[in-house]
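Notebook open, structure on screen. Today I'm looking up charged pairs, then a helix, then a pocket.

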Amino acid sequence: MEERKPRILIADDEKDIREILTLLLKGEGYEVTAAKDGQEALDLCTDDTDLCILDVNMPGLSGFMAGSRIREERDVPIVFLTAYSAESDKVMGFSAGADDYISKPFSNMELLMRVKAILRRTMKNTENDSLIPFQDALLDTVSQCIRKDGETIPLTYTEFAILKLLVSHRKKIYSLDNIYESVWKEEPVGDSTIMVHIKNIRRKLGDDSRNPRYIRTAWGKGYYVE
C-alpha cells in the first residue's frame with residue numbers, strides 16, 4: 001500500500017507567499033491546501049491535516065485566533081509565521097498552541113527543516129500504549145497527554161516531546177541547547193523557545209515556577225525530572 005503523503009494547511013493573506021509555500025512544499029512531496037485568511041483556514045482544516053502553517057497578521061481572524069480555535073477542535077501541530085520577533089509575540093504564539101514559530105523573512109531551507117522536524121516526530125507515534133509515571137502524574141505516550149487527578153491534560157507536540165525527554169531520563173540535567181538538539185534534531189538557535197515551552201508545561205501541571213515539583217531547575221545548568 002502506498003504511504004500517505006503528509007497534508008499541510010497553509011494560511012497567508014499574501015498571494016505571493018501562499019504560492020511560494022505551495023510550490024516549495026509540493027516540491028518536497030507534501031499535499032498542500034492554501035487558505036487566504038484565518039477563517040478559511042478553520043474551514044479547510046480537517047482530521048487529515050498533519051500540520052498547519054499560519055501567518056499571524058491576517059485580516060479578520062488572525063493567525064493566533066485561528067490557531068487557538070483549531071487547537072480546541074483538533075490535535076494538529078501548528079507553526080506560526082510572523083514579521084514580529086519580539087519576546088512577547090513568541091510567548092503569545094506558544095500560548096496559542098504553537099509548536100514552532102518562524103520569523104519573516106525566512107529561508108526556504110529553514111522552513112523545510114522546521115516542517116520536516118515536526119512531521120518526523122509527530123507522524124511516527126505508532127508504538128503500543130505506554131504510561132510513564134512522574135510524581136503524581138502519568139505521561140501518556142500514545143495520546144501525548146498528561147493524566148493527573150483523573151483529568152486529561154492536553155499537550156502540544158513540542159511540549160510532549162520535551163516532557164518525554166525529561167521523564168525518560170530521570171535526574172539527568174538537560175541544558176536549553178541539549179533539549180533543543182534532542183527535540184528539533186538541529187543546531188540550537190539560542191532564543192527563549194525552550195523556556196517558554198517549559199513555562200507552559202508547568203502551567204498546565206499547576207506547578208509553581210518558583211518552587212516546581214515536576215520539572216525542576218538546576219540553576220545555571222538546565223532542567224530535570226526526579
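**Entry 1: salt bridges.** Before anything else, I wrote down what a salt bridge is: a side-chain nitrogen of Lys or Arg within 4 Å of a carboxyl oxygen of Asp or Glu. Side chains of opposite charge can pair when their charged atoms come close. With that in hand, I found R7, E31 and D48 linked in a network of such bridges. I also noted that this is a predicted model. How many salt bridges does the structure hold? I got 18.

**Entry 2: around K104.** I looked up D12 next and found a salt bridge to K104, with the closest N and O atoms 3.1 Å apart. This pair links distant parts of the chain: D12 is in the loop between β1 and α1, K104 is in the loop between β5 and α5, and they are 92 residues apart. Buried or exposed, I wondered, for D12 and K104? Both are buried.

K104 also forms a salt bridge with D55, and here the closest N and O atoms are 2.9 Å apart. D55 sits in strand β3, 49 residues from K104 in the chain. I put D55 down as buried because its relative accessible area is 4%, and buried means under 20%.

**Entry 3: E226 and R216.** Here's another pair: E226 bridges to R216, the closest N and O atoms being 3.3 Å apart. E226 is in the segment after β11 and R216 is in strand β10, 10 residues apart. E226 has 41% relative accessibility, so I marked it partly exposed. R216 has 24%, so it counts as partly exposed too.

**Entry 4: helix α5.** I followed the chain to α5, residues 108–122. This helix has 15 residues and reaches 21 Å from its first C-alpha to its last, close to the 21 Å expected. Which of its residues are buried? My list reads L111, L112, R114, V115, A117, I118, L119, R121 and T122.

**Entry 5: a pocket.** Rolling a probe the size of a water molecule over the atoms shows where empty space is left. I picked the second largest pocket, which has a volume of about 260 Å³. It is lined by 18 residues, and R71, P154, L155, T156 and K204 lie nearest its centre. Where does the lining come from? I saw that α4, β9 and α8 each supply at least two residues, and the largest share, 3 residues, comes from α8. Sorting the lining by type, I got 5 nonpolar, 7 polar and 6 charged.

Note on methods:
Residues are numbered from 1 along each chain as its sequence is written. This is a predicted model: local features need pLDDT of at least 70, side-chain atom pairs count only at pLDDT 80 or more; totals for chains, interfaces and linings use all residues. Side-chain values use heavy atoms; hydrogens and water are left out. Helices (H or I, at least four residues) and strands (E, at least two) are DSSP runs, numbered from the N terminus. The expected span of a helix is 1.5 Å times one less than its number of residues. Buried means under 20% relative accessible area, exposed over 50%, partly exposed in between (1.4 Å probe, protein chains only). On a 1 Å grid over the protein atoms alone, a cavity is a set of points where a 1.4 Å probe fits but cannot get out, and a pocket is an open set with protein on both sides within 12 Å along at least five of seven lines; lining residues have an atom within 4 Å of a point. Grid points are joined across faces, edges and corners, and a volume is the space filled by probe spheres set on the points. Ala, Val, Leu, Ile, Met, Phe, Trp, Tyr, Cys and Pro count as nonpolar, Asp, Glu, Lys and Arg as charged, and the others, Gly among them, as polar.
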